[in-house]
Amino acid sequence: MMASLETRDDTEEQPQIYAKNSFDRFGDDMCALILSFSPQKHRYRYECVSKQFQRTVFVSVVNVIISDGCLTQIPERYVPQMLATITTKCPNIEIIDCRRIDTFRRHVPTILTTFRDNCHNLRHIYCSLLEGNNKWLSEYQSLVTRIGSIDRTYSSPYVQRCQRLTKIVIKSLRDGFSPKRPILTTRLEKLSFRSYDGISGGDNQLLAAVVANNQSLTRLSVHAMKPETVEIMAEFADIVSQYLPQLRRLSLYFDATDINYSLDASLRTIGVKCKQLKILSLGLRSVYAMGNDFESYKQQFVDPLRHCHRLTHLSLELSQMSGKYFWPRLQYLFIRYYKHNNTIDNEFVYHISRLPALQTLVIQCNQDIDFSDNDLNAVLSSSPKLKNIEIRLQASKRTQLMASLDTTDDGNEDNYTQQTQIYAKDSLDRFGDDLFGLLLSYLSLEDRFRCECVSKQFQRTVFESAVDININDRLMRQIRRTTITQTIATISTKCPNIETIDCRGINKSYDKDIPEVLNSFHDNCRHLQEIYYNLRQNYYQWIPKLGSLVTRIGSISAKHSLIHCHRLSHLAVDSIRKVFDNYSGELMAKNLLGFEFRFSDKHIRDQLLWTLVADNQSLQSVAVNEIKFKTQDTITELIQQLSRLPQLRELTLEFRAFPNQDLLSDSLRTIGMICKQLKRLSLRLNPEVTEINVQTWDPL
């Protein structure tokens with residue numbers, strides 16, 4: 001037989017065995033995740049592959065982008081039919097992005113109506129407010145959360161209707177907001193506008209009113225900064241640093257020829273007071289007039305950036321670059337040159353190589369830059385984490401790699417998408433961490449440590465899905481060959497997401513090591529929620545501290561430790577007497593979900609079983625082993641007590657002596673009629689019994 005993979009359903013279905021070359025080995029969740037990486041137009045092609053593809057190919061479609069390019073491919077009379085097909089096949093859509101519709105803007109009301117009526121999970125609409133029919137806005141204003149652009153024909157009242165707005169791109173503040181009306185929008189996360197001159201401080205006053213009502217802003221972009229005086233620029237910096245405590249990304253583009261003052265004080269204010277700022281894009285345009293006086297220009301615009309120590313992304317647009325700079329957290333550096341005689345001195349190259357966290361360096365210029373191979377090799381060899389150096393030319397692009405391409409950002413926040421990534425065909429980097437994490441989740445813990453050295457992506461994902469660990473005799477023997485403290489600490493550190501520890505497979509010879517093992521996992525695994533264990537005589541060393549985590553016990557020899565296990569849900573004992581206090585006779589295990597025990601007629605005489613059932617009406621699984629009885633009435637009483645469990649779903653009965661067949665038939669009939677939730681029944685009979693009447697099984 002070909003190698004196969006077994007899939008099991010612990011509730012009802014029997015184990016299924018599939019051929020190695022059968023795609024049915026993988027469940028719908030795995031298939032849906034793989035298909036989620038496909039673009040929407042390919043999903044319609046894959047739909048005919050199999051029934052599993054039909055079930056899963058559209059499940060993960062939660063957002064749809066409709067653009068002019070999409071509508072151009074379809075005759076206008078078929079647009080309603082196309083929209084109906086999409087909404088029928090993709091009922092889980094939550095987001096509609098219409099910001100790329102311009103020529104076909106007349107279809108926007110029809111598009112939104114169709115999706116609203118068929119996609120009941122619709123939560124967000126991204127659109128552009130363009131000249132034309134705007135009657136639909138009043139109907140869908142509660143769903144509009146992002147606006148891509150606004151025509152001047154739309155005044156601020158139209159924007160103010162969208163109170164769930166989180167992102168907006170406008171030409172100027174006055175196009176979207178009015179100083180004469182209250183600011184109703186209070187959920188903005190990104191604000192981008194193209195012109196800001198601050199004439200007489202008017203823009204600063206309006207900006208202060210907007211950000212005061214939207215302190216949730218994390219991204220601010222201004223593409224044409226022309227503040228007339230240093231006072232207006234300082235006021236802008238004070239507004240940003242005072243009202244935007246959550247600001248993480250800031251883009252400012254200046255026309256350096258219109259500014260005759262230093263930005264040192266303003267940029268210092270932003271760098272020091274904006275504690276959350278991590279990404280800064282600083283554009284300095286039209287710098288040709290500065291000639292060779294680069295030092296004064298550097299002091300005016302670039303030197304103040306030395307105060308921004310928390311930056312992780314930095315974009316600069318300038319004429320040349322030199323000097324020493326140090327950003328300890330900088331991961332991405334983008335430099336764009338305007339002049340044709342581009343130069344980078346060796347000192348600057350050296351300081352780039354000394355940035356400790358830099359991973360990506362992008363240089364964009366009009367012509368090939370004077371960047372010798374020796375300088376490039378020096379940067380690659382000296383920088384500890386640098387993965388990618390990219391030189392972008394106006395007519396072409398030349399990329400030199402150290403390891404693999406990372407996601408790059410061209411510094412333009414108006415773009416809807418990031419740069420397209422190209423990986424080698426044999427590179428595993430083509431697949432995301434989420435898919436790798438799912439594939440590696442099928443490995444055993446031992447195999448995960450072997451696969452850890454394959455790649456950095458394996459290192460990131462191989463232990464993420466390790467949420468439970470089974471500590472048995474085999475594992476303990478391997479650990480005893482090394483230092484237990486060191487090995488357990490390594491496992492618990494690499495697997496911080498562990499939620500469940502099962503120690504029931506450990507025999508008594510390793511009991512002395514259990515406190516150290518459990519304490520190590522408790523200290524390093526913050527998500528630890530459950531411990532399965534066999535309570536023996538060493539419980540006093542750890543049960544007072546970890547007793548609240550014990551939810552399953554396989555056997556018990558120190559029953560007084562049960563008072564510490566408040567969350568106990570499953571318990572297995574040799575005798576029911578083990579769960580009753582010797583002195584008070586009080587039941588010490590209540591509200592259980594699963595219980596396994598050995599039965600004898602003494603449990604009926606002493607009413608122990610009656611008390612157990614009365615205080616554990618939540619029981620869903622019961623296993624009665626080695627049933628001993630002297631009279632048939634004992635079996636009848638046992639069945640009656642078990643029938644008092646309304647939540648019983650799984651029952652196991654093991655008879656040491658075979659009961660009368662008529663009595664067994666009556667017992668099965670009682671269980672079948674009263675236990676309405678029962679789904680699994682296991683009968684284990686004495687092997688000496690060679691035949692049973694067919695009528696015995698009729699009650700089933």
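Which residues of H21 are buried? In this predicted model, the buried residues of H21 are Ile 514, Pro 515, Val 517, Leu 518, Ser 520 and Phe 521. These buried residues pack against several elements, namely strand E17 (468–472), H20, strand E18 (500–505), strand E19 (530–535) and helix H22 (543–546).

The axes of helix H20 (residues 484–494) and helix H21 (residues 514–524) come within 9 Å of each other and cross at roughly 35°, and the crossing in which H20 passes H21 is right-handed. On the H20 side the contact is made by Ile 484, Thr 485, Ile 488, Ala 489, Ile 491, Ser 492 and Thr 493, while H21 contributes Glu 516, Val 517, Ser 520, Phe 521 and Asn 524. Sorted by class, the contact of H20 with H21 has six nonpolar, five polar and one charged residues.

## The protein as a whole

The protein holds 26 helices and 25 strands, and of its 700 residues 46% count as buried. Among contacts between residues at least 6 apart in sequence, 63% join residues at least 24 apart. The accessible surface of the protein comes to about 35,700 Å², and 47% of this area belongs to carbon and sulfur atoms.

Confidence should be kept in view when the model is read. The pLDDT of the protein averages 77, and 75% of the residues score at least 70. Among the elements, strand E1 (residues 5–7) has the lowest mean pLDDT, 38, whereas strand E4 (residues 95–100) has the highest, 91. Over residues 1–12 the pLDDT is below 50, and this stretch has 24 contacts in the model beyond near neighbours in sequence. Residues 396–420 likewise keep a pLDDT under 50, and for them the model has 66 contacts beyond four places in sequence.

## Individual residues

| Residue | Relative accessible area | Class |
|---|---|---|
| Ser 643 | 11% | buried |
| Asp 203 | 11% | buried |
| Glu 626 | 22% | partly exposed |
| Asn 591 | 59% | exposed |

Ser 643 lies in the loop between helix H25 (632–642) and strand E24 (650–655). Its relative accessible area is 11%, and because this is under 20%, Ser 643 counts as buried. Leaving aside residues up to four places away in sequence, Ser 643 touches Thr 670, Ile 671, Ile 674 and Cys 675.

Asp 203 is found in helix H10 (residues 202–212), and although Asp 203 is 29 residues from Ile 232 in sequence, their C-alpha atoms are 9.4 Å apart in space.

The other two residues in the table are noted for their backbone angles. Most residues other than glycine have a negative phi. Asn 591, which is not a glycine, has a positive phi of about 60°, and this residue lies in the loop between strand E21 (570–575) and strand E22 (594–598). Asn 591 is exposed because its relative accessibility of 59% is over 50%. Glu 626 also has a positive phi, near 50°, but Glu 626 is found within strand E23 (residues 621–627). With a relative accessible area of 22%, Glu 626 is partly exposed.

Key
Residues are numbered from 1 along each chain as its sequence is written. This is a predicted model: local features need pLDDT of at least 70, side-chain atom pairs count only at pLDDT 80 or more; totals for chains, interfaces and linings use all residues. Side-chain values use heavy atoms; hydrogens and water are left out. Axes are lines fitted to C-alpha atoms, for helices over the stretch in contact, and angles run from 0 to 180 degrees between N-to-C directions. Helices (H or I, at least four residues) and strands (E, at least two) are DSSP runs, numbered from the N terminus. A crossing is left-handed if the near helix is turned anticlockwise from the far one by less than a right angle, and right-handed if clockwise. Contact means heavy atoms within 4.5 Å. Ala, Val, Leu, Ile, Met, Phe, Trp, Tyr, Cys and Pro count as nonpolar, Asp, Glu, Lys and Arg as charged, and the others, Gly among them, as polar. pLDDT is the predictor's confidence in each residue, from 0 to 100. Buried means under 20% relative accessible area, exposed over 50%, partly exposed in between (1.4 Å probe, protein chains only). Accessible areas come from the Shrake-Rupley method with a 1.4 Å probe; for residues, only the protein chains shown count as cover.
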